[in-house]
Amino acid sequence: MVVFGSVSGAPGVTTTALALAAVWPPEVDGGVRPVMVEADPSGGDLMIRFGLPASPSLLDVAAAAGQPYPGSLLGAVSELPFGVRAVVAVPGRGPCREAVRLLAGEAGRSVLLGDGRDLGTVLLDVGRLGEDVGPLLQAADQVVLVARGGAEPLTHVSVCGLDVDACAGRLTLAVVGPCLYPAEEIANTLGIGRVVFLPWDAKGVAAMNNPKQSVLRIAGFRPSPLLTAARMLARQLAHPQETTTRTSARGGGRLTEKCAVHLGGSSRTALVPGPGAEESGP
């Protein structure tokens with residue numbers, strides 16, 4: 001199970017999880033395609049985006065979790081137009097928050113993880129990290145924290161309270177869009193072992209959001225930059241033993257200053273661009 005989340009804003013957690021589901025290495029899990037699960041306590045987007053029915057959904061998985069024989073996660077899967085299997089969530093904070101709370105329990109985690117006979121990977125989109133998803137982070141084989149590349153979003157990562165030590169060896173920071181800072185310096189400052197960059201790719205995102213049947217281009221003439229980068233990240237997550245502690249797709253700029261930010265009585269390192277540095281948006 002790979003958990004995707006953010007600490008602030010909307011940096012593209014769902015898009016990142018969908019992109020990785022689309023390009024997950026076919027040789028992993030005996031060729032079984034992964035399942036992307038929309039488990040955001042604040043509510044889902046994919047049901048409306050792709051015009052899917054209200055059932056099956058995350059609510060069905062949560063309701064079954066407490067039963068003696070909850071069945072397989074595959075019973076709630078919908079097929080998205082670009083070939084990704086997903087368990088979608090209904091819009092609305094109330095029902096989704098309760099569903100995520102149930103999934104974070106022991107019975108819910110057993111449904112997500114399956115048993116020893118099950119093959120496949122679950123890509124769990126939990127949206128913004130909070131107390132509701134703590135047990136899911138603990139149960140995850142890999143955790144991908146998604147953030148934009150500006151000084152403020154990266155500073156939010158540094159003060160979010162995420163137990164980096166508890167996630168040691170399992171945590172990846174995926175920086176989406178332009179970033180002034182090289183991966184190695186971000187990793188050293190935040191104490192995160194692996195930092196990767198995902199490009200801001202409007203055409204690639206539009207292709208994934210197209211409700212019509214489509215095939216995503218990840219190779220050949222003018223492949224999608226997002227999917228190309230996502231494929232590299234997917235291989236690193238699927239084969240963590242083969243990757244180095246830090247991976248950089250692109251970098252730029254330098255962190256020339258560091259400052260201590262005090263939050264709740266603790267001191268953490270934050271990122272501050274050097275003089276003359278400018279942040280660029282997507």
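1. The sheet. Eight strands make up an open sheet of mixed pairing, in the order β3-β4-β2-β5-β1-β6-β7-β8, where two strands pair if DSSP finds at least two bridges between them. At the edges stand β3 and β8 (194-198), each of which pairs on one side only. Helices (H or I, at least four residues) and strands (E, at least two) are here DSSP runs, numbered from the N terminus, and the protein comes to ten helices and ten strands.

2. Basis of the values. This is a predicted model, in which local features need pLDDT of at least 70 and side-chain atom pairs count only at pLDDT 80 or more, whereas totals for chains, interfaces and linings use all residues. Residues are numbered from 1 along each chain as its sequence is written, and side-chain values use heavy atoms, with hydrogens and water left out.

3. The β2-β5 pairing. Strand β5 (residues 122-128) pairs with β2 in the parallel sense, over four bridges, and Val35 has Val122 as its bridge partner in β5. Helix α10 (residues 225-238) packs on the sheet and touches β1 (2-6), β6 (142-148), β7 (171-176) and β8; its direction makes about 160° with that of β8, axes being lines fitted to C-alpha atoms, for helices over the stretch in contact, and angles running from 0 to 180 degrees between N-to-C directions.

4. Around β6. On one side, β1 and β6 run parallel and are joined by four bridges, with Val2 opposite Gln142 in β6. β6 is also joined to β7 by six bridges, again in the parallel sense, and there Ala147 stands opposite Val175 in β7. Six of the seven residues of β6 are buried, so this strand is largely enclosed by the rest of the structure; buried means under 20% relative accessible area, exposed over 50%, and partly exposed in between (1.4 Å probe, protein chains only).

5. Val122, in strand β5, counts as buried at 10% relative accessibility. Leaving aside neighbours within four places in sequence, Val122 is in contact (heavy atoms within 4.5 Å) with Met1, Val2, Val35, Val37, Leu73 and Leu112. Val122 and Leu112 are ten residues apart along the chain, and their C-alpha atoms are separated by 7.1 Å.

6. Which aromatic rings form a pair? A search of the whole structure finds one aromatic pair, that of Phe50 and Phe82, which is tilted, at 6.3 Å centre to centre and 50° between the planes. Rings of Phe, Tyr and Trp (its six-membered ring) pair if their centres lie within 6.5 Å, and planes under 30 degrees apart count as stacked, over 60 as edge-to-face and the rest as tilted. Because Phe50 lies in the loop between α2 (46-49) and α3 (58-65) and Phe82 in the loop between β3 (78-79) and β4 (85-87), the pair ties together parts that are 32 residues apart in sequence. Phe50 is buried at a relative accessible area of 9%, and Phe82 is buried at 8%.

7. Backbone points to inspect. The peptide bond from Ser55 to Pro56 is cis, with omega near 10°, and Pro56 is placed in the loop between α2 and α3. Asp29, although not a glycine, has a positive phi of about 60°; this residue is in the loop between α1 (13-23) and β2.

8. Cysteines. The count of disulfides (pairs of cysteine sulfur atoms within 2.5 Å) comes to zero. Cys96 is buried, with a relative accessible area of 0%, and Cys179 is buried as well, at 16%.

9. Confidence and overall totals. The mean pLDDT (the predictor's confidence in each residue, from 0 to 100) is 83 for the protein, and 83% of its residues reach 70 or more. The pLDDT is below 50 over residues 244-282, a stretch that has 89 contacts in the model beyond near neighbours in sequence. Of the 282 residues of the protein, 48% count as buried, and residues 24 or more positions apart account for 73% of the contacts with a separation of 6 or more.
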